[in-house]
Amino acid sequence: MALVVTLLGGESTGKTSLARALCGHLAETGLTAELVPEHLRHWCEQQGRAPHAHEQAAVAREQARLTDEMASLHGVDIVVADTSPLVIAAYSELYFKDHSLWHEALAWQRRVNLTLLMGLDLPWVADGFFRDSPTVRDAVDAAIRRELQAAGLAFQTIHGLGQARTEQALRAIGRCLGQDLTATEPSLTSGRRAWSCDKCSDPACEHRLFSGLLARNHTGDARP
């Protein structure tokens, strides 16, 4: 089975751009990396609207199915999924006050090798039909963090612009594989668990934490 990496976050957090950049860079290292696009966006494009409350579960399950199917293919080393059922569960809670999707989404997420949560340091950009507001983005981020932390699921928050963001993600993937995947920095100790900031969603706060962890060569989660 392939190593499965999921990118989590609300709208306009750079998931799609990062997913494409990661697959491109990983291919240059000789690894076979496949991208699983965001099924929710595909669904909205096909239907010309957002899913209703009763349609959310099917969209979430299809995202999981597509990721699992890609991971099972022979010869695929890494699967980069541009979102997971957790994001859809967050939208269901936010828009419909429906908490029923969290249990199944978290159960699926437990089987994922690496969970990367997008930081909120990118500017929010309107996207017509698909994006609502920075407030919605922040609320989705808060809901995902809350559920990941409550479930005890490790994740790493990714910050920065362009190549800086890509290299943070590559270092995290490299730790899972036990090899250096970045072009500019030496490899870090393999086997390190991902950390998370459980205090807030402030990107500056998380950036300082991340820098401090690297400087001290700290290992382990940031959760108490």
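Reply: In this predicted model, the axes of helix 2 (residues 39-47) and helix 3 (residues 56-71) come within 9 Å of each other, and they cross at roughly 125 degrees. Angles from 65 to 115 degrees count as roughly perpendicular and those over 145 as roughly antiparallel; helix 2 is therefore oblique to helix 3. The crossing in which helix 2 passes helix 3 is right-handed.

Attention may now turn to the backbone. Most residues other than glycine have a negative phi. Ser 12, however, has a positive phi, near 60 degrees. Ser 12 lies in the loop that runs between strand 1 (3-8) and helix 1 (15-28). Its relative accessible area is 9%, and because buried means under 20%, Ser 12 is classed as buried.

Lys 97 likewise is a residue other than glycine with a positive phi, in this case near 55 degrees. Its place is the loop between helix 4 and helix 5 (102-109). With a relative accessible area of 67%, Lys 97 is exposed, because the cut-off for that class is over 50%.

The surface also carries a nonpolar patch, formed by Leu 94, Tyr 95 and Phe 96, whose accessible area together is about 250 Å². Of these residues, Tyr 95 belongs to helix 4 (residues 85-96). The relative accessibility of Tyr 95 is 40%, so this residue counts as partly exposed.

Conventions. Residues are numbered from 1 along each chain as its sequence is written. This is a predicted model: local features need pLDDT of at least 70, side-chain atom pairs count only at pLDDT 80 or more; totals for chains, interfaces and linings use all residues. Side-chain values use heavy atoms; hydrogens and water are left out. Patches are made of residues with over 30% relative accessible area and no salt bridge: like charges are joined within 9 Å, nonpolar side chains (Val, Leu, Ile, Met, Phe, Trp, Tyr) within 5 Å. Accessible areas come from the Shrake-Rupley method with a 1.4 Å probe; for residues, only the protein chains shown count as cover. A salt bridge is a side-chain nitrogen of Lys or Arg within 4 Å of a carboxyl oxygen of Asp or Glu. Helices (H or I, at least four residues) and strands (E, at least two) are DSSP runs, numbered from the N terminus. Buried means under 20% relative accessible area, exposed over 50%, partly exposed in between (1.4 Å probe, protein chains only). Axes are lines fitted to C-alpha atoms, for helices over the stretch in contact, and angles run from 0 to 180 degrees between N-to-C directions. Angles under 35 degrees count as roughly parallel, over 145 as roughly antiparallel, 65 to 115 as roughly perpendicular and the rest as oblique. A crossing is left-handed if the near helix is turned anticlockwise from the far one by less than a right angle, and right-handed if clockwise.
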